[in-house]
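My notes follow in the order in which I looked.

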Amino acid sequence: MIDEKESDAALWLAASSGTERAFVTIFDRYRARIFSAAYRRTNRVSDAEEIVAIVFLEAWRLRKRVRIVDGSLLPWLLAVTANVTSNLSRSQRRYARMIARLPVPDEQDDHALVTDERLDGRPCRQAIHDAMAALSPGDRAVVELCLVEELPLAAAAAALELPVGTVKSRLHRARKQLQSRLAVTELPDGLFATNTTEEVA
Amino acid sequence: MTPEEPQMTPARTDAIRDLLAERVRDEPELRRRRLRRRLLVWGGVGVFAIGGLSTAGSILFGSAPVTDKALVYCLSSVEPQADGSYLSSAATMADPDGPGRVDDALELCGEMWRHGLLDGSTDPTAATYSPDEFEVPELQVCVRRDGAAAVVPSDDDAICQTLGMATEER
């Protein structure tokens, strides 16, 4: 019997020992966060849903290497999400047979959402999206974990299996690039401010 | 998450949940299939002659690196047969790009022990065969004169020298 309030570590131990209910509980616990991160990158519901599936299939495939950071699987899952999204076509090829078994997505929904957003008048969203897309995959993963998901530097470093110093320098470099690319765009106050995460180190 | 962000569609969410549950459920069968596909065991259990040095103990060998990674010899026992040879299986990992290659001899032979392929009394094709129920003995990695690894079931750190082989250089 799986307790829904069980810690990530206990659930993961049960899941990796073959308890499917534990794995499904982890999926339900984090699927919304993973979907949200994936959607921000792809702007397509169907792609983001496939990324969610792939991230959890990857978690299962790499189950011996999963890292629980500060008692949570989320940082590691978000790091996998960043990697999967950067190599989406390769990931989709790896799991093509399984993805083909998912119900056909409703493309009209995607189109409607994108149109709504455009009509909603959010030019800065597209500008941010473009500026993020111009970053290297490594820098982008750091930005997503530290600035978008607001993980502490140490948690991002653990999830990405990088030294904290490397995460810091990547973040510094990425911030400069984003600031220069977004210089002409009106951004919300505080976004990409230079002191956002310094205190965590 | 900002309020205007969409959610996963219920139909695909349910399908992904089912897919993941099935993936976990089917893992033992998939592992069996993977093992059958990847493990090439030539001639089942063969004999492994240790080039006339099997009675050693008098000759001390140092350590040496594994230079031939195409094959690994997994010994079933350190007790010599009547002719002085040792019962073993030669194994490799199939590589679609060329000859087989084994980077972790210990893992490969450990896997064979775990599936009962080296205990001499198990028939992996039998209907009652169930992997993951076999005990893995303590294993030592030795290096043969031809540079191939030989994995020996023993808790004796000096077993390689006893059998006339070098210990693995790390």
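At what angle do helix H3 and helix H4 of chain A pack, and how far apart are their axes? I noted before answering that this is a predicted model, in which local features need pLDDT of at least 70 and side-chain atom pairs count only at pLDDT 80 or more, while totals for chains, interfaces and linings use all residues. Residues are numbered from 1 along each chain as its sequence is written, and chains are lettered from A and ligands numbered from 1 in the order in which they are written.

**Helix pairs in chain A.** I found H3(A), residues 45–61, packed against H4(A), residues 74–86, at an angle of about 120°, with the axes 9 Å apart. Here axes are lines fitted to C-alpha atoms, for helices over the stretch in contact, and angles run from 0 to 180 degrees between N-to-C directions; helices (H or I, at least four residues) and strands (E, at least two) are DSSP runs numbered from the N terminus. That angle makes H3(A) oblique to H4(A), given that angles under 35 degrees count as roughly parallel, over 145 as roughly antiparallel, 65 to 115 as roughly perpendicular and the rest as oblique. I listed the contact (C-beta atoms, placed from the backbone, within 7 Å) as Ile51(A), Ile54(A), Val55(A), Glu58(A) and Ala59(A) of H3(A) with Leu77(A), Val80(A), Thr81(A), Val84(A) and Thr85(A) of H4(A). These residues divide into 7 nonpolar, 2 polar and 1 charged, where Ala, Val, Leu, Ile, Met, Phe, Trp, Tyr, Cys and Pro count as nonpolar, Asp, Glu, Lys and Arg as charged, and the others, Gly among them, as polar.

I then turned to H10(A), residues 153–160, and H11(A), residues 164–181, whose axes come within 9 Å and cross at roughly 105°, which makes H10(A) roughly perpendicular to H11(A). Leu153(A), Ala154(A), Ala156(A), Ala157(A) and Leu160(A) of H10(A) meet Val164(A), Val167(A) and Lys168(A) of H11(A), and by class this contact has 7 nonpolar, no polar and 1 charged residue.

**A covered helix.** H9(A), residues 137–148, is mostly covered, with 9 of its 12 residues buried, a residue being buried if 20 or more other C-beta atoms lie within 10 Å of its own, exposed if 12 or fewer, and partly exposed in between, with C-beta atoms placed from the backbone.

**Where the chains meet.** I counted 25 residues of chain A in contact with 19 residues of chain B. H2 (20–42), H3 and H7 (107–119) of chain A each supply at least two residues of this side of chain A, and H2(A) gives the most, with 8 residues. By class, the side of chain A that touches chain B has 17 nonpolar, 2 polar and 6 charged residues.

**The chains overall.** Chain A comes to 11 helices and 0 strands, and of its 201 residues 38% count as buried. Chain B comes to 4 helices and 8 strands, and of its 170 residues 24% count as buried.

**One loop in chain B.** Is Asp146(B) buried or exposed? I found it in the loop between S6 (139–143) and S7 (148–153) of chain B, and Asp146(B) is exposed because 9 other C-beta atoms lie within 10 Å. The C-alpha atoms of Asp146(B) and Asp68(B), 78 residues apart along the chain, are separated by 7.3 Å.

Note on methods
Contact = placed C-beta atoms within 7 Å.
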